[in-house]
Amino acid sequence: MRTERMVLSRIRPEDLEAVHEIHSDPRTNVYSSAGPTVDLEASRVMLDLWLADWADRGIGYWAARLAEGSQVLGVGGLRHAALDGEDVLHLYYRFRPTAWGHGYAVELARAALRVGRDLGTVVALIGDGNEPSRRVAEKAGLHRERTIPYGGVPSDLYVA
């Protein structure tokens, strides 16, 4: 999928190093209760789950690159999840710090919402204090519905 400035492509095994760089950076994990991914094997396990989403469900996370570049700026998209017994599409986005402040996450989120609108309920779960993620969700068109416990911490549920 193409956006105004990016190419969003299925995450691939070759993206492992980029996935690890993004998820092991402490700056990208300030609001993550799990903290940075500590080793390459943990990133490989995460990537394998994402690859399985594409194989099993036909939808999953993308690698985001500038239209005229090859470096993975970030990852994100939609992934099936169970929430309160309902199958939903979880919107996720995480970008390298060098890509922050350029609107790439909003661009990716809007593309994901276009894909997901006919497939089910799209939600984003945003931890307490994560104002940058909250701004992305709101700019993309999601609205806060309520606070729920998620992953052992209170999280705001945003719905498209």
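**Entry 1: the pocket**

I began with the lining of the largest pocket and found that strand 4 gives the largest share, six residues. I note here that I am working with a predicted model.

I then looked up the volume of this largest pocket, which is about 1,500 Å³. I found 48 residues lining the pocket, and the closest to its centre are Tyr-92, Tyr-93, Arg-94, Asn-130 and Ser-133. I also listed the elements that give two or more residues to the lining: helix 2 (40-57), strand 3 (72-83), strand 4 (86-95), helix 3 (104-116), strand 5 (122-127), helix 4 (131-140) and strand 7 (153-159).

How many residues of each class are in the lining of the largest pocket? I recorded 25 nonpolar, 17 polar and six charged residues. As a reminder to myself, rolling a probe the size of a water molecule over the atoms is how empty space is shown.

**Entry 2**

Next I looked up the partners of strand 2. Strand 1 (residues 6-10) is joined to strand 2 by five bridges, and the two run antiparallel. At one place in this pairing I found Arg-10 opposite Trp-62 of strand 2. Strand 2 also pairs with strand 3, again over five bridges and in the antiparallel sense. Here I noted that Ala-64 has Gly-74, in strand 3, as its bridge partner. Strands 2 and 3 form a hairpin, and five residues lie between them.

**Entry 2: Val-7**

I picked out Val-7, which has its place in strand 1.

**Entry 3: helix 2**

I checked the length of helix 2 and found 18 residues, reaching 25 Å from the first C-alpha to the last. That is close to the 26 Å expected at 1.5 Å a residue.

Which residues of helix 2 are buried? I listed Ser-43, Met-46, Leu-47, Trp-50, Asp-53 and Trp-54. Seen down the axis of helix 2, these buried residues fall within an arc of 100°, so they line one face of the helix. Ala-55 and Asp-56 are exposed, on the other side of helix 2.

**Entry 4: Gly-103 and helix 3**

I found Gly-103 in the loop between strand 4 and helix 3. Gly-103 counts as partly exposed because its relative accessibility is 34%, between the cut-offs of 20% and 50%. Val-136 is 33 residues from Gly-103 in sequence, and I noted 8.3 Å between their C-alpha atoms.

Helix 3 has 13 residues. From first C-alpha to last, helix 3 reaches 18 Å, close to the 18 Å expected at 1.5 Å a residue. I noted helix 3 as mostly covered, since 10 of its 13 residues are buried. The buried residues of helix 3 are Tyr-104, Ala-105, Val-106, Glu-107, Leu-108, Ala-109, Ala-111, Ala-112, Leu-113 and Gly-116.

Notes
Residues numbered from 1 in each chain as written. Predicted model: local features only at pLDDT ≥ 70, side-chain atom pairs only at ≥ 80, totals over all residues. Heavy atoms only, no water. 1 Å grid on protein atoms, 1.4 Å probe; cavity = no way out; pocket = protein on both sides within 12 Å on 5 of 7 lines; lining within 4 Å. Points joined across faces, edges and corners; volume = space filled by probe spheres on them. Helix = DSSP H or I, 4+ residues; strand = E, 2+ residues; numbered from the N terminus. Nonpolar A, V, L, I, M, F, W, Y, C, P; charged D, E, K, R; others polar. Pairing = 2+ DSSP bridges. Expected span 1.5 Å × (residues − 1). Buried < 20%, exposed > 50% of the residue type's maximum accessible area, 1.4 Å probe, protein only. Arc of directions from axis to C-beta.
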